[in-house]
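Visitor: I am new to this structure. Could you take me through it step by step?

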Amino acid sequence: MGISGRSLVVWMTRPGVVGTGGCARSLWRRRLAPARILAVFACLFLAAGCAGLSSRQDAALDASPAFSYDYPFDNPWAATVLGTPRALQADLPDDAEVERRELTVFEDREVPEGFWYNDRLRYSTLLQDHEAPLAFVIAGTGASDQASHTLTLGRILHRAGMHVVLLPSPTHTNFIVSASATRLPGYPGADAADLHRVMRLVDERLRRSVSISRYYLTGYSLGAWHAAYTAKLDQELGGFGFERVLLINPPLSLHHSIRQIDAMLVRGLPDGIDGLDAFLDQAVERLASYGSTDALDFQDPDFTIEAYRRIRPSDDRLATAIGLSFRLSAANLVFASDVMTNAGYIFPRDRPFLSSTPLSDYLAVALRTSLLDYFRDIFAEAYLSRQPGITRQDLLARTSLSSIGEWLSREERIWLMTNRDDVILAQGDLDELLRLFGPRARVFPNGGHMGNLRHRAVAAYVSDFFSR
Amino acid sequence: MRRRSVTCLPLILVLATGGCASSVGTVRYEPPSRSLDTVSAQAEEAREVLHVSDPLEGANRRIYKFNAQLDRYVLLPVVDAYEEVVPGFLRRRVSSFFLNLGEINIFANSVLQARPSKATPTLGRFLINSTAGLFGLFDVATGLGFPRQSADFGQTLGTWGLDTGPYLVLPALGPSNLRDAVGTVVDWVAFAFVVPDSVADNLVYETVRYSLQPVDARYRVPFRYYSTGSPFEYELVRYASVVARRIQVGVPPTVRE
């Protein structure tokens, strides 16, 4: 469910409109372009490392390309941050037209001026020009419809002959502001209802211009967790009747995974966020000694891998990088939710939220706020008062797929794809997932959290799952 | 040409005064339940994480929003149309052409920084790309092992120890600081002096420089406002741009006590 360190790199550098990224190599010379700046910022996490990696990684990098599963990184932290080397990636042509669209979900929603750019939900489509199945893709924690993994899935499915709709995660600011009924993401039933509402609206629109034969559903990371609950809700409501559902690297329990990720954060930051600047300063020093920033292009996976080989960050640093990227997503979520519900949690209740409002102090607080704090302080408060008779323990238990385990294990159309070394799973989580899905689970031996999505064998599995 | 550069100066003054007017504010709000005092024993130090001094924040934030709107309603539609009409191959030639012209400033600043390691390859690049690369339409030099260097007058001033001054968000241009804003103006003026009058007064040249170049410049930058999805994007961009520029200028980071 956590977005990966690599997601962070891409998340911060990703062009908002597909098609303009091709010339990213050519930097705007006269001053540092903001995209480049963000790329550098993002790579600081990666570059902060110390020495101490085994030389085994080097040998692994030279693995011969064959169309079997030969993903090279056995270190799950490195896999999560680095992704897949270009030579081993599925060949996904760039020519598919990714169209960004906007949707007004609630006609009467009032959005504070500070969120003026979030007044409508943004989603993306990749359409066929003939009748085809439609696949919905739900993004992972804090990720948008055009996050790197979301787009990758879109291209895989589009190439396999489907119409594809890419949706942001219900934990993404844009979704919280424009499409969440409760504005408090994280509750499975409420998030599924929000997603289902959006899907119905999108479907209604698309049906005017394309013909759809049937429906599929998938999601990665937290989006996979959302997909499970959405499929269940859909069955209860009698909606799309998703013929196939694929859960890609889901958390078993939101609660477990948040604890895992919080623990990652402090591995390279013993003093917590207080040590963040020192961590980053050290990274800056390493980067400066590494060479000119002009040589850095973190949109190129091979380049990131090259930087990794030279800088050799420790596992602790990598874990912290992943934890930080997740913490940043959490800070965005908690703050957006706080402002939209007027909870007075981090942002003063009576202060107008404007684009000119300085937010430095609130950022400093939000970065020190775990999703567990959010859960305890505003989420539980709100949901407990809405459903008398349930306890905090009940609420926590509901964030586990085990709570719908009986249903999941019965549903032949819902499959699981994950990695044996996925870093967001706590001890015992994988076994429980395997118990729930039985023969409907495909577990790759390595890849960390989402590190292998672009690998040829993995992309082929996803593609085959929906087209067989 | 020169009148163009001069228009930037009032801009900086507007920025400076705009900031003063908006930074006054003594309204007290009901404190939120989670504040710096509740999350850290040392609230003052806790505040410093990812923090950058920004005395003109009020004005900067307004210009940030203005830039986002300029992007949304003017620049990006133009860039989209440009991509629609002009094939990728030609767009890359346009980019190469303007980047090649930019080598003039890179060379001048490399010399001013007394860095032959940057000046020599830049001179080589300009000569190769202007001839073998057909007036810069093709970047042959990079393939021959001469990657493009980075140098501008703001960087030159920084190299010689001049402090950045306050953080600034420049209209249309984005994150900068007082030193680099001045550097941008100086680079513009210097470039105008270098181009011979016979070329500068040419209608085709003027049209290309003031219409095609800005489009190309925006086209080359993949950044999209608010694509980070973070309510703290202004703060994150500010921190990242300051750090990135610090690396680019080559000034070692100041380690906080």
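Predicted model: local features only at pLDDT ≥ 70, side-chain atom pairs only at ≥ 80, totals over all residues.

Guide: Residues are numbered from 1 along each chain as its sequence is written, chains are lettered from A and ligands numbered from 1 in the order in which they are written, and side-chain values use heavy atoms, with hydrogens and water left out.

Visitor: How many helices and strands does chain B have?

Guide: Chain B has 13 helices and two strands. These are DSSP runs, helices being H or I of at least four residues and strands E of at least two, numbered from the N terminus.

Visitor: Moving to chain A, how do the axes of α7 and α8 cross?

Guide: Helix α7(A), residues 188-207, and helix α8(A), residues 222-237, have axes that come within 8 Å and cross at roughly 70 degrees. Axes are lines fitted to C-alpha atoms, for helices over the stretch in contact, with angles from 0 to 180 degrees between N-to-C directions. The two helices are therefore roughly perpendicular (65 to 115 degrees; under 35 is roughly parallel, over 145 roughly antiparallel, the rest oblique).

Visitor: Which residues meet there?

Guide: Among them are Leu195(A) and Met199(A) in α7(A), and Trp225(A) and Leu233(A) in α8(A). Contact means heavy atoms within 4.5 Å.

Visitor: How many aromatic pairs are there over all chains?

Guide: Rings of Phe, Tyr and Trp (its six-membered ring) pair if their centres lie within 6.5 Å; planes under 30 degrees apart count as stacked, over 60 as edge-to-face and the rest as tilted. By this rule there are 37 aromatic pairs over all chains. In one of them, Tyr71(A) and Phe73(A) have ring centres 5.7 Å apart and planes at 75 degrees, so the pair is edge-to-face.

Visitor: Are those two buried or exposed?

Guide: Tyr71(A) is buried at 5% relative accessibility, and Phe73(A) is buried at 0%.

Terms used. Buried < 20%, exposed > 50% of the residue type's maximum accessible area, 1.4 Å probe, protein only.
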